[in-house]
Amino acid sequence: MKIINTRTRFILLMLFLLGSSVSYCATLNFIPSSSDTLRCGLTRSITAQYVADFNTSLRGYEVTFHSSDELSFSTEDIVDLGAFSGIGNQFFNCYWNVDGSVTVAVALLGETPGLCSSGSLFSINVIGQQSGTGQLIVDEVIFRNLENQDIPAYSQDATIEVYCEPVPVELYFNPESIQIDQGETSTIAVMIKEPVEIRTIEMTVTYNSELIQSNSGTPGALFQNAGCPIFEHFEDGELNQWYGSAVLLGDDCWIDSAGELYVWEFTGLIDGVSPIVAAEVYLYSPDASLIEHVTISTTQVIHNVNTSFGTVKAMFR
């Protein structure tokens, strides 16, 4: 008979215990786990990503989570991404709990091979509410196998920085400087750098009418391509200034892109340098609210005609 000494017996016992304690684990991650700053009132989509343990097929899950005060969402903002519906008939439900958290409950019905691989389960559209570090916090995750037994699970929260202070809306003239000949006609466009929801633009622009003849003003490409009726108006008002406006008509029509807002056409008269200055610019949101903190640069129109420097200088005395 073979005798096993105490040391060998201890090692074998530890190996048995370690082997019996090995378990596989599925994971729920919010993607992205952290993201760029979200402005108040705007929306960002966060995806609940299932990472399979590759040892067990998934029949169903329950994910309970809540958000910190910096973020908000409703059950209508939770969207099934189809990881289960592509396999078979499923039950999908989400509901509020008494503690303010939400539970997303999903199960495959009937005979099914289950979800055997990682996949996107659902998304949440969160809205920025107040400045600070917003979080989507997982309270509980339950994953179930084909026998409806719990699968060990881990989870990861999501973090979003929310910023509610006014952010300047930057406009600029394009081109910033232009050179034309006497009698030549050209255009300058008013551009917006970043997407902002806009229904209306109104602006008054000053220029030197001795050097430039103002011809017309028209809504830019963003308005023209919106696919909605446009109310527009342009007039040369007092000496050295013009007024232009454009309004998109329709409850569901507005701009939400960077690009061209307004175009001014003019003709060069005589030699000189004329600053083009937006004396007033007003942008209005879809609900007709004035958009705050709109800035715009100054441009210059240069006329290239053979006139002495003394003649040009005399015009600005």
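This tour moves through the disulfides, the salt bridges and a charged surface patch of the structure above.

The model is predicted, so local features require pLDDT of at least 70 and side-chain atom pairs count only at pLDDT 80 or more, while totals for chains, interfaces and linings use all residues. Residues are numbered from 1 along each chain as its sequence is written, and side-chain values use heavy atoms, with hydrogens and water left out.

**Stop 1: the disulfides**

The structure contains two disulfides, a disulfide being a pair of cysteine sulfur atoms within 2.5 Å. Counted along the chain, the bonded cysteines pair in the pattern 1-2, 3-4.

Select C40 and C164, which are joined by a disulfide with an S to S distance of 1.4 Å. This pair links distant parts of the chain, 124 residues apart: C40 sits in the loop between β2 (34-39) and β3 (43-51), and C164 in the loop between β13 (158-163) and β14 (169-174). Helices (H or I, at least four residues) and strands (E, at least two) are DSSP runs, numbered from the N terminus. C40 is partly exposed, with a relative accessible area of 26%, and C164 is partly exposed at 29%. For these classes, buried means under 20% relative accessible area, exposed over 50%, and partly exposed in between (1.4 Å probe, protein chains only).

Next, select C228 and C253, whose disulfide has an S to S distance of 1.6 Å. The pair links distant parts of the chain, 25 residues apart, with C228 in the loop between α2 (221-224) and β19 (230-236) and C253 in the loop between β20 (241-248) and β21 (259-268). The link of C228 and C253 is right-handed, with 100 degrees about the S-S bond. C253 is buried, with a relative accessible area of 3%.

Two further cysteines may be selected here. C94 counts as buried at 19% relative accessibility, whereas C116 counts as partly exposed at 46%.

**Stop 2: the salt bridges**

How many salt bridges does the structure hold? There are three, where a salt bridge is a side-chain nitrogen of Lys or Arg within 4 Å of a carboxyl oxygen of Asp or Glu.

Select E170 and K193, whose side chains meet in a salt bridge (3.3 Å, N to O). They link distant parts of the chain, 23 residues apart: E170 lies in strand β14, and K193 in the loop between β16 (185-192) and β17 (200-206). E170 is partly exposed, with a relative accessible area of 41%, and K193 counts as partly exposed at 43%. Salt bridges that share partners also join E62, R144 and D150 into one network.

E62 is partly exposed, with a relative accessible area of 24%. D150 is exposed, at 57% relative accessible area.

**Stop 3: a patch of negative charge**

Finally, select D99, D139, E140 and D157, which gather in a patch of negative charge on the surface. Patches are made of residues with over 30% relative accessible area and no salt bridge, with like charges joined within 9 Å and nonpolar side chains (Val, Leu, Ile, Met, Phe, Trp, Tyr) within 5 Å. D139 lies in strand β10 (residues 132-144) and is partly exposed, with a relative accessible area of 41%.

Technical notes
Areas by Shrake-Rupley, 256 points an atom, 1.4 Å probe, with all protein chains shown as cover. Lys, Arg positive; Asp, Glu negative; His and termini not counted. Charge placed at Lys NZ, Arg CZ, Asp CG, Glu CD.
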